[in-house]
Amino acid sequence: MENSGGAKATLACISCGKLNRIDLSLVSRLPKCGSCGSPIHLDKPASLDDRTMEKVVTGTDVPVLVDFYADWCGPCKSMAPQIEEMARAHSGRAVIAKLDTDRSPQMAGRFGIRGIPTLIVFSRGREVGREVGAVPRPTLEALLQKAHGNAS
């Protein structure tokens, strides 16, 4: 589903790492990185790290749901398909992202991540909701809804 309000998102290219400002109303045209030309898929979770997290969260007009996870974590692995589904379902209306807490300890510390998975939703750069542990899809949807309610 596309965003019709001309909202923008800041996302890092998975190929070269350059940050790109994406017009979400053009999501069906598969935006490309301004540096290397690789496609930027908005229907898949965006990968965040210590370098990109703050810029993505503060530079995105739509809600950003971040899954703080680790590769070795069983509950995190069980959440992965739901996170993928959320990215597809909310493409153009929200950014669904993942941050590996082992590879990005600075952001994990900054946001007080003590257990994983931890899911935090941001609206206009501010945290507006948080869930810790593996949660069902309706809980993820409710978390995103909090951000939509704070967008006005």
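Modeller: Before we look at the sheet, a word on terms: two strands count as paired if DSSP finds at least two bridges between them. Bear in mind too that this is a predicted model.

Biologist: Fine. What is the strand order in the open sheet, then?

Modeller: The order is S3-S5-S4-S6-S7, five strands with mixed pairing. Strand S3 (46-48) and strand S7 (126-132) are the edge strands, each pairing on one side only. Averaged over the sheet and with direction ignored, neighbouring strands are turned by 25 degrees against each other.

Biologist: How many bridges join S3 to strand S5?

Modeller: Three bridges join S3 to strand S5, which covers residues 95-100, and the two strands run parallel. Across that pairing, Leu48 stands opposite Leu99 in S5.

Biologist: And which strands does helix H2 touch?

Modeller: Helix H2, residues 74-89, packs on the sheet and touches strand S4 (64-69), S5 and strand S6 (118-123), with its direction making about 155 degrees with that of S5.

Biologist: Switching to cysteines: how many disulfides turn up in the whole structure?

Modeller: A search of the whole structure finds zero disulfides.

Biologist: Why is Cys33 too far for a bond?

Modeller: Because the closest cysteine sulfur, in Cys16, is 3.6 Å from the sulfur of Cys33, whereas a disulfide needs the two sulfur atoms within 2.5 Å. Cys36 is in no disulfide either, and the nearest cysteine sulfur, that of Cys13, is 3.6 Å away.

Biologist: Is Cys33 buried or exposed? And what is the relative accessible area of Cys36?

Modeller: Cys33 is buried, with a relative accessible area of 5%, while Cys36 is partly exposed, with a value of 39%.

Terms used
Residues numbered from 1 in each chain as written. Predicted model: local features only at pLDDT ≥ 70, side-chain atom pairs only at ≥ 80, totals over all residues. Heavy atoms only, no water. Buried < 20%, exposed > 50% of the residue type's maximum accessible area, 1.4 Å probe, protein only. Helix = DSSP H or I, 4+ residues; strand = E, 2+ residues; numbered from the N terminus. Axes fitted to C-alpha atoms, helices over the stretch in contact; angles between N-to-C directions. Contact = heavy atoms within 4.5 Å.
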